[in-house]
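Open the model in your viewer and follow the stops below. Each one says what to select and what is there.

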Amino acid sequence: MFVYADHAATTQMSETAIAAMTEAMRTVWGNPSSLHTVGQEAKVALENAREEIATLLGATAKEITFTSGGSEADNQAIVSAAKLGAAKGKKHIVSTKFEHHAVLHTLNKLEKEGYEVTYLDVHENGLISPDEVKAAIRPDTALVTVMFANNEIGTLQPIREIGAVCRAAGVLFHTDAVQAVGHIAIDVVKDNIDLLSLSAHKFRGPKGVGVLYARRGIRLFNLIEGGAQERGKRAGTENIPAIVGMAAALKEAVENLEVNTAKITPLREKLITGLRKIPYSHLNGDRNHRVPGIVNFCFEGIEGESLLLLLDMKGIACSSGSACTSGSLDPSHVLLSLGIPHEVAHGSLRLSIDETNTEEQIDYILEAVPEVVAYLRKMSPVWEDLESGKRKHFFAE
Ligand SMILES: *Cc1c(COP(=O)(O)O)cnc(C)c1O
């Protein structure tokens, strides 16, 4: 059996998105900046996609800027808000310890340029409290950036409440919503969001394309200099097929949100219940406040990397955390931010499912994972120490 359970890393494009994209490649291949008919046809396709995406987010078309993906949108949102703040003498930013690296590395860069960043602690359950955001805001705070849903553990933050806190304090609020858009209901107005990043390949659209939503009146600074595309905020000829594919994928995801959630949630719960039966295992992140498809466990006494390689041999594609950090030997900064010690954080497994997964696949995972964990523990000196009492268990049995 083959099971793809790594949808938080990327998804397979939906047939609807592939069809929309292929059609666009054939029919609207013009340059939307050209004044002739071929160009203007491409322009219409571009603006229709913009309108569609705006409507699905509760935004207006002018508030939508197309980017090369989630990372670029995060970079541009944060750098823009930082520059706007600096112009008013505000050089303080509030964020969290478990953001995606597209956010964290942008903040690190700003710190080197003289900005000050407060990184909020994440509670043990993977949640950030709006009260702590409120307490961290200072008179010189320019921006709060908190992710909507965490890409490793799947916890959903109280975004609307955090947004309200920021609004009341007159501080801009950005959210990296890459793991949330298309997976849970979002309305940028009701959710009090000023800036939002999304990426098409996380909701069955194409890779290399995303959106930065910026509420009307918020000035964006461009990262890429050149032509006047995207109202001067992002130079370069627009990738129309990808943008059209993204709009089709988002429409499909939003229209099927309830049906998909109703299908995925019981599968996820079955997965959690089954994996919890493994001794000294631990579900990372709050059981209830999470996106439908992401499950993250720690198993004491093993290496997540070996676990995922053995699972791959059994036909199960999953991850030990974030795709961006695999390949490095450092444990996940997300798990460490929850207070999980290094040696335990190493034994993590992320399974991320979507509506294309079946119950048979979940059963297969629940057969394979306990087997592989037991096999790895048999060979693990750390597990031996835990069993003999030389080393203390972190999680209660
Ligand atoms: C995948 C991801 C990104 C990066 O998006 P790309 O389109 O791959 O650049 C950013 N933030 C989160 C939370 C993600 O999961």
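Start by selecting Cys166. Its relative accessibility is 0%, so Cys166 counts as buried (under 20% relative accessible area; exposed is over 50%, partly exposed in between; 1.4 Å probe, protein chains only). This is a predicted model: local features need pLDDT of at least 70, side-chain atom pairs count only at pLDDT 80 or more, and totals for chains, interfaces and linings use all residues. Residues are numbered from 1 along each chain as its sequence is written, and side-chain values use heavy atoms, leaving out hydrogens and water.

Next, look for disulfides, meaning pairs of cysteine sulfur atoms within 2.5 Å. The whole structure has 0 of them. Cys298 is in none; the nearest cysteine sulfur belongs to Cys318, 14 Å away. Cys298 is buried because its relative accessibility is 0%.

Now select helices H2 (residues 37-57) and H7 (residues 240-255). Helices here are DSSP runs (H or I, at least four residues), and strands are runs of E, at least two, numbered from the N terminus. At which angle do H2 and H7 pack? The angle is about 30 degrees, and the axes, lines fitted to C-alpha atoms over the stretch in contact, are 9 Å apart. H2 and H7 are therefore roughly parallel (an angle under 35 degrees).

Last stop: Leu283, in strand S9 (residues 281-283). At 8% relative accessibility, Leu283 counts as buried. Show Phe297 too: its C-alpha atom is 4.6 Å from that of Leu283, though the two are 14 residues apart along the chain. Not counting residues up to four places away in sequence, Leu283 touches (heavy atoms within 4.5 Å) Ile272, Arg276, Arg290, Val295, Asn296 and Phe297.

Methods. Axes fitted to C-alpha atoms, helices over the stretch in contact; angles between N-to-C directions. Parallel < 35°, antiparallel > 145°, perpendicular 65-115°, else oblique.
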